Amino acid sequence: MREYRTDALPVEERRQDPAALTSCRRPIPTDQVHPLPAPRVQDAHDTPGMNGQRTALITGITGQDGSYLAEFLLENGYEVWGMMRRASTENVERIAHLADRITLVQGDLLDQLSLIRVLEEARPNEVYNFAAQSFVPTSWRQPVLTAEFTAVGVTRMLEAVRAVDPSIRFYQASSSEMFGQAAETPQSETTPFHPRSPYGVAKVYAHFATLNYRESYGLFAVSGILFNHESPRRGIEFVTRKISDGVARIKLGLSTELRLGNLDAKRDWGFAGEYVVATWLMLQQDEPRDYVIATGVQHSVRDFVEAAFEHVGLDPDPYVVIDPDLIRPAEVDELVGDASRGRGELGWEPRISFRELVEMMVDSDLGRLSTGLPASARAGEASA
Ligand code: NAP
Ligand code: GDD
């Protein structure tokens, strides 16, 4: 097993990780809100450097996990390429601080030829397929598009790997959402799937497509079944970030309510910066195998709300409003993972606790939102 470094985590998150305090080659901005220059997008005529480094391609590099994995791989000596889809506005806030160290190339999971071209340009040793329509409620509103991105898009990516270089090691971002109405607790690699959303259904397709390409063609193709993982870079619509942002706004006097749906849902929440290390570990094994990655600790949405309000010294009751429009057509009531295979074979352990995660996210949103506010309203100076 190769040794690896985790000290590339941005300062805000690294301070939670004692083992990562040992060194930091250069300061990395905490978060995504700064108007930094955009990374260069590779055009078809550029030639990638050939210096003997290991090369990784991350699809979905503009997302939460893509940005953390890019940092981790750079810190561990990789040449990092990121695939992003074309947009009329820049969407690189999470990776702007890596601008001069990664190569971005345009491609879309909907476009088979674009995937082949991306692989031909980047010539990666490893592909991390993080790209997906990942927000569960959107999957009821756009079920066909979700299937095109999140399900069939994976077959397109696997076909591209076969066509360009079958020796590429391929990681697929599977999800605990596949367990849905879970048949047993906790959930492990052998728990049957019963997805409860079009997103979950699409992920099950992608999961079995990855397994099938491993069995049919001998690809080193693995799925990581990751339970919910969060961070200050989490999309604002996911419940943890919605809560941390909402609590910070209330604390700073910018808002008077936090509208939520089902507070009784239970999840196994970990820190995204640690989970991407597990994805890398999966591709360093001798044999391809699927792994559950989770903390094994379950909390309700209500627990998250209470911990976040408590952190800023407020009582949630006057502020939290239950909005029936936010209740899902079919809910995943509770998830909690058994990651013992990953602990044993990958040597992976989560370190950030639930409470540390909540506080990290609330502090980050307080810091972000208080920029530009009068000193009396800033985080740390606001009274409870
Ligand atoms: P995320 O923040 O929503 O990022 C998704 C990424 O996919 C974005 O970069 C997005 O690009 C890209 N993308 C979407 N459609 C695309 C398309 N058609 N072609 C190319 N790129 C496309 O998600 P995340 O939280 O980082 O999660 C990463 C992966 O892990 C996802 O597959 C997710 O389903 C899976 N997963 C996440 C969790 C979790 O708790 N976070 C748990 C289990 C599994 P734009 O920026 O252009 O939208
Ligand atoms: N988003 C959201 N907004 N969820 C809410 C709200 C709200 O206002 N109120 C309650 N919830 C509940 C949802 O009903 C759900 O039970 C739980 O909070 C978590 O919702 P999300 O944070 O949206 O995450 P998710 O569990 O549905 O999906 C995430 O985790 C999956 C892994 O299990 C996503 O990251 C998926 O992409 C990922 O695969």
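## A guided look at a predicted model

In residues 379-384 the pLDDT stays under 50, and the model has ten contacts there beyond four places in sequence. Here pLDDT is the predictor's confidence in each residue, from 0 to 100, and two residues are in contact if their C-beta atoms, placed from the backbone, lie within 7 Å. Residues 8-12 also have a pLDDT below 50, and that stretch has 21 contacts beyond near neighbours in sequence. Where pLDDT is low, the predicted coordinates should not be read in detail. For the protein as a whole, the average pLDDT is 88, and 83% of the residues score at least 70.

This is a predicted model, in which local features need pLDDT of at least 70 and side-chain atom pairs count only at pLDDT 80 or more, while totals for chains, interfaces and linings use all residues. Residues are numbered from 1 along each chain as its sequence is written, and chains are lettered from A and ligands numbered from 1 in the order in which they are written.

Let us begin with strand β7. Helices (H or I, at least four residues) and strands (E, at least two) are DSSP runs, numbered from the N terminus. β7 covers residues 220-226, and it is largely enclosed by the rest of the structure because seven of its seven residues are buried. A residue is buried if 20 or more other C-beta atoms lie within 10 Å of its own, exposed if 12 or fewer, and partly exposed in between, with C-beta atoms placed from the backbone. Phe220, Val222, Gly224 and Leu226 point one way from β7, while Ala221, Ser223 and Ile225 point the other way, and all are buried.

Strand β3 (residues 79-84) is mostly covered, with six of its six residues buried. On one side of β3 are Glu79, Trp81 and Met83, on the other Val80, Gly82 and Met84, and all are buried.

### How the strands pair

| Strands | Direction | Bridges | Example |
|---|---|---|---|
| β2 (residues 55-59) and β3 | parallel | five bridges | Thr55 and Glu79 |
| β7 and β12 (residues 291-293) | parallel | three bridges | Ile225 and Val292 |

From β6 the chain crosses through helix α6 (residues 198-217) to β7, in a right-handed β-α-β crossover. A crossover is right-handed if, with the strands pointing away from the viewer, the path from the first strand over the helix to the second runs clockwise. β2, α2 and β3 also make a right-handed β-α-β unit.

### Around the ligands

Which residues come nearest to ligand 1? Of the 25 residues around ligand 1, they are Gly60, Gly63, Ala131, Ala132 and Ala173. A residue counts as near if its C-beta atom, placed from the backbone, lies within 6 Å of the molecule. α2 (64-75) and β6 (169-175) are the elements that give two or more residues to this shell, and α2 gives the most, with three residues.

The shell around ligand 1 divides into nine nonpolar, 13 polar and three charged residues. Ala, Val, Leu, Ile, Met, Phe, Trp, Tyr, Cys and Pro count as nonpolar, Asp, Glu, Lys and Arg as charged, and the others, Gly among them, as polar. Around ligand 2 there are 21 residues, and Ser134, Ser175, Val239, Gly261 and Ala265 come nearest. The shell of ligand 2 holds nine nonpolar, six polar and six charged residues.

### Details in the loops

Most residues other than glycine have a negative phi, and most peptide bonds are trans. Arg123, which is not a glycine, has a positive phi of about 45 degrees. Arg123 sits in the loop between α3 (112-122) and β5 (126-129). With 15 other C-beta atoms within 10 Å, Arg123 is partly exposed.

The loop between β6 and α6 holds Pro186, and a cis peptide bond with omega about -5 degrees joins Thr185 to Pro186. Ala183 lies in the loop between β6 and α6. Is Ala183 buried or exposed? Ala183 counts as exposed because it has 11 C-beta neighbours inside 10 Å. Leaving out residues up to four places away in sequence, Ala183 touches Thr191, Pro192 and His194. Ala183 and Phe193 are ten residues apart along the chain, and their C-alpha atoms are separated by 7.9 Å.

Note on methods:
Pairing = 2+ DSSP bridges.
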